[in-house]
12 protein chains.
Amino acid sequence: MSVKTPEAKPVHKIVELVGSSPTSWEDAARAAVETAAKTMRDLRIAEVTRLDMKIEEGKVVAYRARVTMSFKDND
Amino acid sequence: MSVKTPEAKPVHKIVELVGSSPTSWEDAARAAVETAAKTMRDLRIAEVTRLDMKIEEGKVVAYRARVTMSFKDND
Amino acid sequence: MSVKTPEAKPVHKIVELVGSSPTSWEDAARAAVETAAKTMRDLRIAEVTRLDMKIEEGKVVAYRARVTMSFKDND
Amino acid sequence: MSVKTPEAKPVHKIVELVGSSPTSWEDAARAAVETAAKTMRDLRIAEVTRLDMKIEEGKVVAYRARVTMSFKDND
Amino acid sequence: MSVKTPEAKPVHKIVELVGSSPTSWEDAARAAVETAAKTMRDLRIAEVTRLDMKIEEGKVVAYRARVTMSFKDND
Amino acid sequence: MSVKTPEAKPVHKIVELVGSSPTSWEDAARAAVETAAKTMRDLRIAEVTRLDMKIEEGKVVAYRARVTMSFKDND
Amino acid sequence: MSVKTPEAKPVHKIVELVGSSPTSWEDAARAAVETAAKTMRDLRIAEVTRLDMKIEEGKVVAYRARVTMSFKDND
Amino acid sequence: MSVKTPEAKPVHKIVELVGSSPTSWEDAARAAVETAAKTMRDLRIAEVTRLDMKIEEGKVVAYRARVTMSFKDND
Amino acid sequence: MSVKTPEAKPVHKIVELVGSSPTSWEDAARAAVETAAKTMRDLRIAEVTRLDMKIEEGKVVAYRARVTMSFKDND
Amino acid sequence: MSVKTPEAKPVHKIVELVGSSPTSWEDAARAAVETAAKTMRDLRIAEVTRLDMKIEEGKVVAYRARVTMSFKDND
Amino acid sequence: MSVKTPEAKPVHKIVELVGSSPTSWEDAARAAVETAAKTMRDLRIAEVTRLDMKIEEGKVVAYRARVTMSFKDND
Amino acid sequence: MSVKTPEAKPVHKIVELVGSSPTSWEDAARAAVETAAKTMRDLRIAEVTRLDMKIEEGKVVAYRARVTMSFKDND
């Protein structure tokens, strides 16, 4: 069937968050997932796309994990 | 200042929509932008990342534009 | 089951045409699709892979769209 | 001279076939070329773009050659 | 024949402009070509290298086309 | 503020020249810069993108430097 | 010395496993290594090639590590 | 269902062998497949990823085929 | 102002260390940062560019993190 | 020890030949190797970098192999 | 032997400097090397990774060479 | 016309030399060209593909130029 009037549908959504924790990357990444889950339904997989550390005066003060979630959006 | 407890902040959001129109890519792309604008504030630029056509019985029945909007998310 | 004698089957066919119109890329692309449809059955999608303009004496004399159709060939 | 009405011309055609033979890649590739030649004129060069083998119960039962022919289409 | 004194000749020039129109990408691109033509002779082809839209308050206010012209410079 | 009529502005210009000298790449490159400076204002940086030599009868007869200048064009 | 009859020798083997743990990526990766070690001798290094999380109802239920081991195979 | 204890499963295995024959690449590749088949079940496809020749005193003494088999491993 | 005599200034410095720990990648990475901090001032961010494990007799004996620090050097 | 006067040494030589045979790629490649061997000593390995076929009137009239030999040159 | 406590060792260091001279790239590059040598021991090779020129009023006022030194750091 | 017996013809030859001089890259590159010219006829262009310096005790002791000559070989 053909399209009659202009219309649009979402096809892809990518969201990235950076989580941060003073003790571990697992905590940092979990914080990122839980923040994302507040506004998005149906998250299944969250990939870690960068791990780094924040340093102050020669000491690690935060482990940070960049977390990427990619999915179809039918809202 | 150092981070004390796990926390997370969004850093990047990419949204793609495919708009469709029987007459022009401008109409198709505009439909994509207006659909995105219903749920997102502060859109400034929308890039066209693919143009194609839907064909039925040898005729073009829809011009389609894939539109990508990328921005910081501070919601 | 194993193959007994030499034989061959088509696996992929890609066709590109350049359509041209004095007024719009939609007309140019539609001309490309309709030309292709004369000799090919079952076209469903045609992607635009290049847009350009032909210029004469500082004026645009043609909008041109390169259109690519890719599909399985079982003729 | 400028273009006056929408028109289109083919610019590129790529065809891929997979030939198969129980004895050699030469036979497999030749089968692919001869199959293509039934519907296309003026083939000059056919490039091999993949060689593989079909295996059954630990034995090679077919040598297969993917053959790509690329040319201008002025039909 | 060999070169006797230092000398130089231009070999390549690439110019990009962004055209903008409230109604269509064709108008936007044509504006880019006509602006370029004021200072350059012998333009033959102008390629579209980016299409986007400027958005205000959720509406498309401008269709924009980035146009690239590349040529030998013998001025 | 939105755009009302079609308009265009230059965004990028890349110019390449090849300078040539019988004695050094410095002379060759300087010749390229000075040639470019005759028609362009506000050159700040010129990058060398290729060095080669012209050879005749087994001897180097010219050192050549391809020089690329890239800048915003607001003429 | 030349080869007289057809013969073959292994040259490279790459194995990937995904380990999974409810508490940490270290546990997940260690599980992957220990599983691989059951059938392979002489593992020396295991590289992490992907970290992700499995999510259920907005919570992280598993930390997963993809582990890649690459080595010469002389069995 | 969520994961309760650390566990791991294989996801990918890639094996490469080089077969060698004094007379043809078909013999060389077949030797590689038959060697691999001694320890692996369910091989279906083997791709040729390099063809070369061993040379001694200006003569070809062996035709060699590097063969790559990639598959899921559920052992 | 122009340069009168030969002179040089540092523009970029990249340092990589591999930290190692029997228990976690966090400990391994922190060891790398603290080692780097002994001789470098003003470290702010340290990125993890590789995680792997050292294996002995089928067991993980060390978690290792390659850490990269990149910065301007004005010493 | 330091270098006192200008001097030069070869570091790399790559030679490509295309062999051709009416019957097989092995014959084609062997012809390429034997041609190269007339003027080069110490060839050890010759890699096949392209296989194609020459076609006349829909028939394969030649199997062709492009063969690349790369080596240090200390002549 | 296995690692017992967290520890770290440097594995790679890359330093880049830009040298500048009014007369030649050789002088510019030599200045970069000599500046680097003040604080680093055991430099053996310095690669040129960019040559450019600083321009004022259409004249070359400095030849600049970006020099990269990469080495193992065992301090 | 078709090919009747196996035959081969050279299609490409690439030669690289590294020239070295205590004073300049021009001298280093010229030495490379003159060395190549002793055994090759018809050199026309020689491209510089790497410039570096040899360092001893913190001083530049040689400027080195890697020079690449690529051409058809019809010997």
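In the predicted model, chain E and chain J are not in contact, and their closest C-alpha atoms lie 23 Å apart. Chain A and chain H likewise share no contact, with 12 Å between their closest C-alpha atoms.

The interface of chain H and chain G draws on 31 residues from chain H and 31 residues from chain G. Between them these chains bury about 2300 Å², with carbon and sulfur atoms accounting for 60% of that area. The polar part of the interface was examined in two ways. Salt bridges between chain H and chain G number 0, whereas 9 residue pairs are in polar contact, counted where both residues have pLDDT 80 or more. On the side of chain H that touches chain G, two or more residues are contributed by each of strand 1 (7-21), helix 1 (25-37), strand 2 (45-56) and strand 3 (59-71) of chain H. Strand 1 of chain H provides the largest share of this side, 15 residues.

The arrangement of these two copies was then considered. Chain H is superposed on chain G by a rotation of 180 degrees with 0.0 Å of shift along the axis, at an RMSD of 0.1 Å. Such a relation is that of a two-fold axis. Within chain H, Ile14(H) has the C-alpha nearest the axis, at 2.5 Å from it. Both copies use the same surface, since 100% of the contact residues of chain H recur in chain G.

In chain I, Tyr63(I) belongs to strand 3 (residues 59-71). Tyr63(I) has a relative accessible area of 2% and is therefore buried. Beyond its neighbours within four places in sequence, the contacts of Tyr63(I) include Trp25(I), Ala28(I), Asp52(I) and Met53(I) of its own chain, as well as Glu26(G) and Arg30(G) of chain G. With Arg30(G), Tyr63(I) forms a polar contact of 3.4 Å between side chains. The side chain of Tyr63(I) also reaches the backbone oxygen of Glu26(G), at 3.3 Å. Within chain I, the C-alpha atoms of Tyr63(I) and Ala29(I) are separated by 9.5 Å, although these residues are 34 residues apart along the chain.

In chain L, helix 1 (residues 25-37) comprises 13 residues and spans 18 Å from its first C-alpha to its last, close to the 18 Å expected at 1.5 Å a residue. At the start of this helix, a side-chain oxygen of Ser24(L) comes to within 3.4 Å of the backbone nitrogen of Glu26(L). Glu26(L) is itself buried, and other buried residues of the helix include Trp25(L), Asp27(L), Val33(L) and Ala36(L). Among the buried residues are also Ala28(L), Ala29(L), Ala31(L) and Ala32(L).

Notes:
Residues numbered from 1 in each chain as written. Chains lettered and ligands numbered in written order. Predicted model: local features only at pLDDT ≥ 70, side-chain atom pairs only at ≥ 80, totals over all residues. Heavy atoms only, no water. Least-squares fit on C-alpha atoms with pLDDT ≥ 70 in both. Contact = heavy atoms within 4.5 Å. Helix = DSSP H or I, 4+ residues; strand = E, 2+ residues; numbered from the N terminus. Buried < 20%, exposed > 50% of the residue type's maximum accessible area, 1.4 Å probe, protein only. Polar contact = N/O pair within 3.5 Å; in protein donor to acceptor, adjacent residues only side chain to side chain. Expected span 1.5 Å × (residues − 1). Buried area = accessible area lost by both parts, 1.4 Å probe. Salt bridge = Lys/Arg side-chain N within 4 Å of Asp/Glu carboxyl O.
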